[in-house]
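Here are my notes on this model. Please read them with the structure open.

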Amino acid sequence: MKMPAIPHRNVCADLSARNAERRRINDAAPFYRHAPEAVEARQGADSLIARFMHEILPDASDMTRDPAGGLITTTCSAVGKVFPKHRELMRTSRLMPAAWPTCLQPI
């Protein structure tokens, strides 16, 4: 019985092409990250978080509000990156927006 030929050259070429594409995307990322539109979007998000923190912690100092706002920003960013990867969460996602206000209420 003869073993079928393994198309390893095609797989290697495909892997090489994907790696090259990944490198091109990584090389281009700083240009997009520093584009005026990206900077403007980040500033808008920072302003929104600052206003939110001032509203929920009106008596706190900036030294307290800034790290708390950073924690919320980091948490939302992490959730945004992980959330689409979990299909079960996507199925129950209509429950998630209702839970956020409860999570963010001061204790």
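1. Buried means under 20% relative accessible area, exposed over 50%, and partly exposed in between, with a 1.4 Å probe and protein chains only. By that cut-off, buried residues make up 6% of the 107 residues in the protein chain.

2. This is a predicted model: local features need pLDDT of at least 70, side-chain atom pairs count only at pLDDT 80 or more, and totals for chains, interfaces and linings use all residues. Numbering runs from 1 along each chain as its sequence is written, and side-chain values use heavy atoms, with hydrogens and water left out.

3. The protein chain has 5 helices and 0 strands. Helices (H or I, at least four residues) and strands (E, at least two) are DSSP runs, numbered from the N terminus.

4. Helix α3 covers residues 62–82.

5. Which residues of α3 are buried? They are Arg 65, Gly 69 and Ile 72. They cover an arc of only 60 degrees around the axis (taken from the directions from the helix axis to the C-beta atoms), which puts them on the same side of α3. The face turned away from that buried side carries exposed residues, including Met 63, Asp 66 and Lys 81.

6. Look at Arg 65. Its relative accessible area is 11%, so Arg 65 counts as buried. Arg 65 touches Met 53, His 54, Leu 57, Pro 58 and Ala 60 (heavy atoms within 4.5 Å), not counting residues up to four places away in sequence. A polar atom of the Arg 65 side chain lies 3.0 Å from the backbone oxygen of Leu 57.

Note on methods: Polar contact = N/O pair within 3.5 Å; in protein donor to acceptor, adjacent residues only side chain to side chain.
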